Amino acid sequence: MNKENENFEMLAKTMYGFESILADEVKELGGTEIRPGNRAVRFQGSLEVLYRMNYYSRLSLKIIKPLAEFNAKDEQDLYDKTMGIDWSKIMSVNQTFVIDSTVHSPHFKHSHYVALKVKDAIADRFRKELGRRPNVDPKNPHIKVNVHISNNRVSLSLDSSGASLHKRGYRKGHGMASLNEVLAAGLIVLSGWDRKMPLIDPMCGSGTIIIEAALMANDIPPGSFYREYLFHNWSNFDSELYKKVISEKKKDTSRDIQIIGSDSSTEQIRVARLNIRNAGLSDLISLRQKEFSKLLPPSPEGIIIMNPPYGERIKHDNLVELYKEIGNQLKTEYKGYKAYVLSAKPEALKFIGLHPSAKYILYNGEYKSLFQEYELYEGSRKIRRDKD
Ligand SMILES: C[S@@+](CC[C@H](N)C(=O)[O-])C[C@H]1O[C@@H](n2cnc3c(N)ncnc32)[C@H](O)[C@@H]1O
């Protein structure tokens, strides 16, 4: 295990499309030799950076520490090479552990079987050396080992986070289609919001976008809601260093920033209010219960970020009407604003009837989605007529 000042390799996992904004965040939080990859960013850093990433990163799902990489031709080879690692340097025999496996390979068909082989190899290595083995605890393990196999290439890593970091801990009530918190934070970062202008989510559902915006704007770390990280169980855990890291940045709620959530559903507004209260943000976010067609802007300029319904429970005709209505409202009432719309129904977005000035492909769970930017300047309506 690495000492306090030693740098080592880490990998922050994120969502598709957020690799470069996460790379910027890693840099800000002290990582070096930053290399964005596929749904992940690799970097170097000390234990301090590992703690900081877990506590302050808004765009990471997990921070993992690679342990070993090797080629394996089959399960036996995987077992032998995993057994070759001195696991007593990584965990104690008295700790519980679990294996998490992801397999993309024609040579290893069952990720369950891969996990079993790695578990056996670790247990057998301990048994060979100490005559006894650590127990497996699938629910609340002290140590989580990730196995990732791509073709013949095996990567073994230690999960420093535990539960995914999108589970901030403030969400008590779920909406009909609540966004993942990391996805919501990423939308805000992609929008380039300056954390000063008014920000509105007119279809706020359970409030994820407005809550993440209020956390960002007031420098409230996502880790400040109680949660346990697995690095607390590592033999090199340095509680003084961790205390230092979490007291580095203080929240600042003295700024006067308008963050507004609105939704047509009374039930969704109730859920949003509950989540906002749990996040301690009741004084920093205002809520309205309104149809978007009746919601007027609070100021001449601002930013809208929204995630309208996308069709699982809504009929096609209603969806077309809804997106047309969104376009009309933006064009007539929100001139001077920038609007960002995330939809898992890209074909519905064209009914907004505005030219997007930027487009991002993202994933909302398994749904391939588009996140589009619209600049609502005075000529918006004219441009649409020209195109039609
Ligand atoms: C996909 S959900 C938004 C989920 C939200 N981003 C979250 O994280 O919980 C869409 C929301 O749009 C609301 N909605 C649908 N039609 C609306 C309208 N015409 N005006 C305002 N809100 C509307 C629904 O009540 C629902 O809460």
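Predicted model: local features only at pLDDT ≥ 70, side-chain atom pairs only at ≥ 80, totals over all residues.
The chain is divided into two domains, with domain 1 spanning residues 8–159 and domain 2 made up of residues 181–220 and 251–387. A distance of 36 Å separates the C-alpha centres of domain 1 and domain 2. Contact between them involves nine residues of domain 1 and eleven residues of domain 2. On the domain 1 side, the touching residues comprise six nonpolar, two polar and one charged.

Strand S2 (residues 32–36) and strand S3 (40–45) run antiparallel and are joined by three bridges. In this pairing Pro36 stands opposite Val41 of S3. The two strands form a hairpin with three residues between them, and Arg39 in the turn has a positive phi of about 55 degrees. Strand S3 is also among the elements against which the buried residues of helix H2 pack, the others being strand S1 (8–13), strand S4 (62–71) and helix H7 (239–246). Helix H2 covers residues 47–56, and nine of its ten residues are buried, so the helix is largely enclosed by the rest of the structure. The buried positions are Leu47, Val49, Leu50, Tyr51, Arg52, Met53, Asn54, Tyr55 and Tyr56.

Helix H3 (residues 75–83) packs with helix H4 (residues 111–130) at an angle of about 35 degrees, and the axes are 8 Å apart. The crossing of H3 and H4 is right-handed. From H3, the contact is made by Glu75, Leu78, Tyr79, Thr82 and Met83. H4 contributes Tyr113, Val114, Lys117, Val118, Asp120, Ala121, Ile122, Asp124 and Arg125. Classified by residue type, this contact has eight nonpolar, one polar and five charged residues.

An open sheet of seven strands has the order S10-S9-S8-S11-S12-S14-S13, with mixed pairing. Strands S10 (286–289) and S13 (358–364) stand at the edges; each has a single partner strand, so one side of each is left without a neighbour in the sheet. From one strand to the next the twist averages 20 degrees. Within the sheet, strand S8 (residues 199–201) and strand S9 (residues 259–263) pair in the parallel sense over three bridges. Asp201 has Gly261 of S9 as its bridge partner.

Helix H5 (residues 181–191) packs on this sheet, where it touches strand S11 (302–306), strand S12 (337–343), S13 and strand S14 (367–375). The direction of H5 makes about 145 degrees with that of S11. Helix H6 (residues 208–217) lies across S8, S9 and S11, and runs at about 175 degrees to S9.

Ile188 is located in helix H5. With a burial cut-off of 20 or more other C-beta atoms within 10 Å, Ile188 counts as buried because 24 such atoms lie within that distance. Leaving aside residues up to four places away in sequence, Ile188 touches Trp193, Ile209, Glu212, Ala213, Met216 and Ile305. Between Ile188 and Lys65 the separation is 123 residues in sequence and 28 Å in space, taken from C-alpha to C-alpha.

Technical notes
Residues numbered from 1 in each chain as written. Axes fitted to C-alpha atoms, helices over the stretch in contact; angles between N-to-C directions. Helix = DSSP H or I, 4+ residues; strand = E, 2+ residues; numbered from the N terminus. Left-handed = near helix turned anticlockwise from the far one by under 90°. Contact = placed C-beta atoms within 7 Å. Nonpolar A, V, L, I, M, F, W, Y, C, P; charged D, E, K, R; others polar. Pairing = 2+ DSSP bridges. Domains from an automatic or database assignment. Buried ≥ 20, exposed ≤ 12 C-beta atoms within 10 Å, placed from the backbone.
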